[in-house]
Amino acid sequence: MSNAAPTAKPHPKLQPHFHSMEQQLEASTLGMWVFLVTEVMFFGGMFMAYLVYRNMYPHAWVEASHELNWQLGGLNTMVLIMSSLTMALAVRAAMLGQKRGQLVNLSLTILLGCVFLVVKFFEYKAKFEHHLVPGPHFDPTLEQGMQIFFSLYFMLTGVHAAHMIIGIVMMTIILTMAARDSFNAEYYTPVEVAGLYWHFVDIVWIFLFPLLYLLGRHGA
Amino acid sequence: MSHQVPSIRMYVSVFLALLLFTATTVWVAGLDLGALNTPVALGIAITKGSLVILFFMGVRHNTPLTKTVAISGFLWLLILFSLGMNDYLTRGWLGIAGR
Amino acid sequence: MNDATVHQEPSYLGAPYGLAAWLLTKDHKRIAILYLISITIFFAIGAGFAATIRAELVTPQGDLVTADLYNKLFTLHGVVMIFFFLIPSIPAVLGNFFIPIMIGAKDLAFPRINLLSWYIYVIGAVITLSVVISGGLDTGWTFYAPFSSISSNTDVTTAAVGVFITGFSSILTGFNFIVTVHRMRAPGMTWFRLPLFVWANYATSLIFILGTPVVAITVLLVAAERGLHLGIFDPRIGGDPVLFQHLFWFYSHPAVYIMILPGMGVISELVANVSRKQIFGYSFVAFSSIAIAIIGFLVWGHHMFVSSQSIYAGLVFSIITMLVAVPSAVKTFNWTATMYRGSITWDSPLFWVLGFMGLFLVGGLTGLFLGTMGLDVHLHDTYFVVAHFHYIMVGGGVTAFLGGLHFYWPKMTGRMYSEPLAKVSAMLVFFGFNLTFFPQFILGYMGMPRRYHAYPPEFQVLNVMSTGGAMVLGTGYFLILIYLLYSLFKGPKAPANPWGATGLEWQLQSPPITHNFHEIPVVTEEAYDYLHAPAPQLAIPASPREVTHE
């Protein structure tokens, strides 16, 4: 790691419309935060629907929640929390310019993201087998409101999974950049920004887990 | 924003706290607290979310602007929820059929 | 100050030339021009739909188009005009071009994302408009469920996906503006030295990032309900269609302010210039923009008084709606107070300013009628509503856009247009607009519902007046297109500061160089310091001008 000498000549990663690396990093981080606000509102629309229908069909929601496998949901929660840890450690390694730390932690993050998706896949598969996917094949004997629960379940977890896939692609790009020694104490903006996104996706799941999987555990 | 590098120890303890809260939320969901189940579950989720935002995402050491931005999204959700539920929870209050 | 013999450097319009250089540009000014060209095309398409609608309504019988086709016409008119013209108009063209210059930056914070937003916009628009081939769209621009999600047999899914994609273009523009205003201001450019145009666009950006994602997920839910049977609003499985309206209007009411707030910013610039005075109550005007953006999120239920929303909620929404009038009135009063005892110049910007103020006043005040729950029950879904929102969105939004375009045209293109023609067209637009839409207030008050292709014969006189007005209005718009295009080739070269205006943008050459500034300027003055502004120097004095003191 070389000594920081920003005034001597512009850093090669400094874009011409910024006047310093500091300004560039601050702009990018603020940009990601502003983007995350839109993400909160994006999921917020579905949470609003959740609130309305849970209030409208309290019993059906408990019943429907029983159909979800909370053990798998809990497993995925832990997987995501762990991936958040490795992500945070990857950013830390980038700030310190530790290549090995970046590579190990980013790979672990990607791996854990994939584990999450695989578990999700088996959950979805079970729903198809149990006729719990809304539409013409939905089990008609079930209570009014349960179909809406599953519509929301698929929308919420589906949009979340889409975010996971985007995150994994992003992390793969970051990983290749890290492998080419792109990041150091002066320039680690992409890792930092991608990390913010990853943590946000984790937070969404932290809310989804109790709201979807744990509704009816006591009434059983 | 701060450029001091947080310690691994801090990250790991936050991680352990998050695992602990996950176990708690599963355990609490098994108890019958009546109307309190959901608020407790949400309280735990909010705590976990705040831990991630404050420590993993580094808002703790960030500028007031970033803190404002981070909070604003949730504030706006509250607007959506409160004015929206202001309709659903008051239907029929005024004794007019269908309203 | 601006010597005519001053050396002109190569501008952003110069090399690199060629289509590829433009389509891959990261220069915010070129992207603004790309947006200008695309919104002009969509405006023409939307106007074509409107012209067919007005032609149909000349006679009481539905003789020109069938009811089905009429439904598709007004739907696409609304969708094109709102999503592809009005929402991007001022922010993405004038905002994109001038925000970085006004705050003393070399570009927006994220130039590549800025270009990406234009591509997303074009892709979204093309997908949406592809429904013209694949069976049309007849839901109205509001996409109300359950008609959109279950009943309509037009191509709602494609349109919903198109609108969803376009939403991301708005989000990216908004977030670029916010970061730019926070992080890229030149030294000395404090918040209270920002031009009010920047404040207005900042407030608009807040709506972009807080509101747009909600409508994006809402139309996605409709698309999922149609395409994947994931019923959320479907009453057959216990869903509540009113929820759709809540989610939709949570964005779409603030979206009305997306269409008017930047216009208010433009008018603030113009009003100070034509009065040659500092704007009256700068901080009030600045904060009223933010207030409108915030209060705008609290009033959406006034679109739903006659849905099955609870009457109690309706009361709450109705009361909060009255609050929006306060910041809007603050702006209007302050503009008037700015003009009071100003040295009014009779240049063309004045005509747009006066036109905007008159039309916005009518539109805003009739909005209060509609926000009053008792009255709205009678006026809901009549032509009164149509007239009201056209006064705001066309009378206010489009007039402000055209005013801004005329004001900044010399800076953007380096050419002057014909002043007399600009005045004539401003008046044509004003009178044509009033003739088109004022009769619709009366029609609505008399009970003519909107969205029907036929009507009882007693409404014919007013409808013919309206169509006649639309022809005058169309002529006005067409005239503008002609002389602006003409000016590009034959117009006299524009000086750096034709209007004698204040602000960093007028200290640059016309048109500006690629990175705007060689050295980032240091700002030492308040905005609108017209005491020290240079005299206007229009290239060709159009009319005998009274020389005003400075």
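Reply: What follows covers one interface and then some salt bridges, in a predicted model.

Me: What area is buried between chain B and chain C?

Reply: About 1900 Å², with carbon and sulfur atoms giving 70% of that.

Me: And how many residue pairs are in polar contact across the interface of chain B and chain C?

Reply: Six, counting pairs with both residues at pLDDT 80 or more.

Me: How many salt bridges between chain B and chain C?

Reply: The count is one. Arg91(B) and Asp240(C) form a salt bridge through their side chains, at 3.6 Å from N to O.

Me: Which residues are linked in a network with Arg91(B)?

Reply: Asp87(B) and Asp240(C) are linked with Arg91(B) in a network of salt bridges.

Me: Ok, zooming out. How many salt bridges over all chains?

Reply: Ten in the structure. One of them pairs Glu26(A) with Arg183(C), where the closest N and O atoms are 3.5 Å apart.

Me: Where do Glu26(A) and Arg183(C) lie?

Reply: Glu26(A) is in helix 1 (residues 21-56) of chain A and Arg183(C) is in helix 6 (residues 156-183) of chain C, so this pair joins two chains.

Me: Is Arg183(C) buried or exposed?

Reply: Buried: the relative accessible area of Arg183(C) is 18%, and the cut-off for buried is under 20%.

Me: Now chain A. Which residue does Lys99(A) form a salt bridge with?

Reply: Asp181(A), with the closest N and O atoms 3.6 Å apart. Lys99(A) sits in helix 4 (residues 99-129) and Asp181(A) in the loop between helix 5 (146-179) and helix 6 (189-213) of chain A, so the pair ties together parts 82 residues apart in sequence.

Me: What are the relative accessible areas of Lys99(A) and Asp181(A)?

Reply: Lys99(A) has 33% and is partly exposed, whereas Asp181(A) has 53% and is exposed.

Me: Last one, chain C. Which side chain meets Glu526(C) in a salt bridge?

Reply: That of Arg193(C), at 3.4 Å from N to O. Glu526(C) is in the segment after helix 15 (460-490) of chain C and Arg193(C) in the loop between helix 6 and helix 7 (196-228), 333 residues apart.

Me: How accessible is Glu526(C)?

Reply: Glu526(C) counts as partly exposed, at 44% relative accessibility.

Definitions and conventions: Residues are numbered from 1 along each chain as its sequence is written. Chains are lettered from A and ligands numbered from 1 in the order in which they are written. Side-chain values use heavy atoms; hydrogens and water are left out. Buried area is the accessible area (1.4 Å probe) that two parts lose on being put together, summed over both. A salt bridge is a side-chain nitrogen of Lys or Arg within 4 Å of a carboxyl oxygen of Asp or Glu. A polar contact is a pair of N or O atoms within 3.5 Å; within protein, one must be able to donate a hydrogen and the other to accept it, and residues adjacent in sequence count only if both atoms are side-chain atoms. Helices (H or I, at least four residues) and strands (E, at least two) are DSSP runs, numbered from the N terminus. Buried means under 20% relative accessible area, exposed over 50%, partly exposed in between (1.4 Å probe, protein chains only).
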